[in-house]
Amino acid sequence: MMKKQYDYVLVGGGLFAGTFAYFATKKGKKCLVIEKRNKLGGNLYCEDVEGIHVHKYGAHIFHTSNRKVWDFVNSLVEFNRYTNSPVANYKGEIYNMPFNMNTFSKMWGVATPKEAKAIIDEQKSAIKGEPKNLEEQAISLVGEDIYRKLIKGYTEKQWGRDCKDLPSFIIKRLPVRYTYDNNYFNDLYQGIPIGGYNVLIEALFDGCDVKLNTDYNQDRETYNALGQKVIYTGALDALYDFCYGPLEYRSLRFESEVLDEENYQGVAVVNYTDRETPYTRVIEHKHFEFGTQTKTVITREYPAEWEEGMEYYYPVNDEKNQELYQKYRKKADEEEKILLGGRLAEYKYYDMDKVIESAFQLVEKELQ
Ligand SMILES: Cc1cc2nc3c(=O)[nH]c(=O)nc-3n(C[C@H](O)[C@H](O)[C@H](O)COP(=O)(O)OP(=O)(O)OC[C@H]3O[C@@H](n4cnc5c(N)ncnc54)[C@H](O)[C@@H]3O)c2cc1C
């Protein structure tokens with residue numbers, strides 16, 4: 001067989017393809033990246049507005065307990081000391097998240113874990129037997145007050161339905177901390193790349209040829225002919241022209257605004273936990289990087305039903321969609337030349353560190 005122009009054609013310019021591209025290039029392989037957007041980065045891409053890195057596809061905080069992943073990303077760009085400590089705004093009352101002693105102290109005026117636990121246990125006991133719906137499930141885990149002020153409205157906005165009409169299995173666990181610890185993540189390492197995620201992305205794709213504004217699925221044969229192998233990180237149903245029907249997603253809608261003030265909310269993430277405020281979160285991007293710009297950029301996040309043409313955010317993990325995915329997957333597993341990877345091709349919610357771990361596995365298989 002004639003040697004092709006490229007060793008790998010990478011479909012998609014996100015974190016999965018970037019991690020693979022980095023190691024392939026290091027090994028002397030030639031990669032071509034085909035990206036349908038007008039920029040690389042996938043969900044991590046940040047837009048520069050007023051000198052602030054605006055997370056265009058949702059707020060991204062890097063966190064991991066995997067030392068190998070942490071060392072890898074830090075070898076490409078230094079990370080800052082950002083620690084995610086969101087707050088909840090319930091009708092103007094501010095509470096720390098995740099639920100911890102700071103939250104309980106504000107809610108009930110208690111000072112010790114014993115006092116907080118006594119209140120929660122007493123409220124939890126209102127639910128007898130198996131919880132019949134999400135409301136009962138949440139109360140049985142954290143009690144009435146936390147449920148009413150911090151869970152109910154937020155969850156109802158997210159799902160577009162009353163908590164009494166939602167099944168209990170949606171919430172399996174609600175972490176409660178009896179310590180004064182506002183750090184949202186339990187992972188060993190977290191932070192934001194200094195200079196923004198685009199610095200990381202540039203380092204990952206360094207040395208690759210890149211074709212932007214190009215949808216691989218519009219002309220698969222041409223692009224396949226350019227490479228020995230194809231690594232596909234796009235949506236799996238699109239690869240087969242939706243022949244079994246479309247996989248469903250949940251989406252989000254973002255509304256961003258530049259404000260002529262230095263500091264709007266004092267923290268990167270505020271959750272609005274009442275039902276009446278139509279958005280679920282407000283992100284103030286500069287706080288991810290301790291920005292000192294004179295203006296600020298905020299983004300309101302609204303839950304949205306996915307419709308044709310919208311971004312794919314969260315896969316719907318129900319039986320119907322999983323079965324459909326498996327049908328497509330079976331087809332894909334028969335391909336000799338096309339390998340799959342990343343959140344879209346695997347139809348899976350993947351945090352960034354997990355995507356990198358998964359790309360490491362492909363590197364191991366393909367490049368060793
Ligand atoms: C709202 C939101 C918030 C998140 N926040 C966090 C967080 O705080 N921390 C964290 O660790 N993770 C977070 N994640 C997860 C993170 O976004 C993913 O782990 C990561 O983006 C996955 O990288 P990927 O390469 O698999 O996919 P993507 O980033 O989606 O990249 C795939 C790329 O392929 C391109 N593409 C698709 N189809 C084609 C085609 N046919 N032709 C050409 N190009 C194509 C797309 O345009 C895209 O650029 C969040 C995800 C969402 C949805």
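Which strands form the open sheet with parallel pairing, and in what order? Select strands E9, E2, E1, E10 and E16: these 5 strands form that open sheet, in the order E9-E2-E1-E10-E16. Here strands (E, at least two residues) and helices (H or I, at least four residues) are DSSP runs, numbered from the N terminus. Two strands pair if DSSP finds at least two bridges between them.

Before you go on, a word on the model. It is predicted, so local features need pLDDT of at least 70 and side-chain atom pairs count only at pLDDT 80 or more, while totals for chains, interfaces and linings use all residues. Residues are numbered from 1 along each chain as its sequence is written, and side-chain values use heavy atoms, with hydrogens and water left out.

**Stop 1: the parallel sheet**

Now select strand E2 (residues 31-34) together with E9. The two run parallel and are joined by 3 bridges. To find one of them, click on Leu 32, whose bridge partner in E9 is Asp 209.

**Stop 2: the mixed sheet**

Next, select the strands of the open sheet with mixed pairing. It has 7 strands, in the order E7-E6-E12-E13-E14-E11-E15. Its edge strands are E7 (93-96) and E15 (314-315), each pairing on one side only.

Start from E7 and show E6 (residues 87-90) beside it. E6 and E7 pair in the antiparallel sense over 4 bridges, and Val 87 has Asn 96 as its bridge partner in E7. Their hairpin has 2 residues between the strands, and there Lys 91 takes a positive phi near 50 degrees. Show the side chains of E6: Val 87 and Asn 89 point one way, Ala 88 and Tyr 90 the other, and all are buried. Buried means under 20% relative accessible area, exposed over 50%, and partly exposed in between (1.4 Å probe, protein chains only).

On to E12 (residues 269-272). E6 runs parallel to E12, with 3 bridges joining them. Look for Val 87 opposite Val 270, and for Ala 88 with its bridge partner Asn 271. Val 269 and Asn 271 point to one side of E12, whereas Val 270 and Tyr 272 point the other way, and all are buried.

Finish with E13 (residues 281-284), which runs antiparallel to E12 and is joined to it by 3 bridges. Val 269 stands opposite Ile 283, and Asn 271 has Arg 281 as its bridge partner.

**Stop 3: a hairpin**

Select E3 (residues 46-49) and E4 (residues 52-55). They run antiparallel, joined by 4 bridges, and Val 49 has Ile 52 as its bridge partner in E4. With 2 residues between the strands, this hairpin includes Glu 50, which takes a positive phi near 55 degrees. In E4, Ile 52 and Val 54 point one way and His 53 and His 55 the other, and all are buried.

**Stop 4: the ligand**

A ligand nitrogen atom is 3.1 Å from a polar backbone atom of Lys 36. A ligand nitrogen atom is also 2.8 Å from an N or O atom in the side chain of Asp 215. A ligand oxygen atom lies 2.7 Å from a backbone N or O atom of Met 352.

**Stop 5: an exposed glycine**

Last, select Gly 160, in the loop between helix H6 (144-159) and strand E8 (189-191). Is Gly 160 buried or exposed? Its relative accessibility is 54%, so Gly 160 counts as exposed.

Key: Polar contact = N/O pair within 3.5 Å; in protein donor to acceptor, adjacent residues only side chain to side chain.
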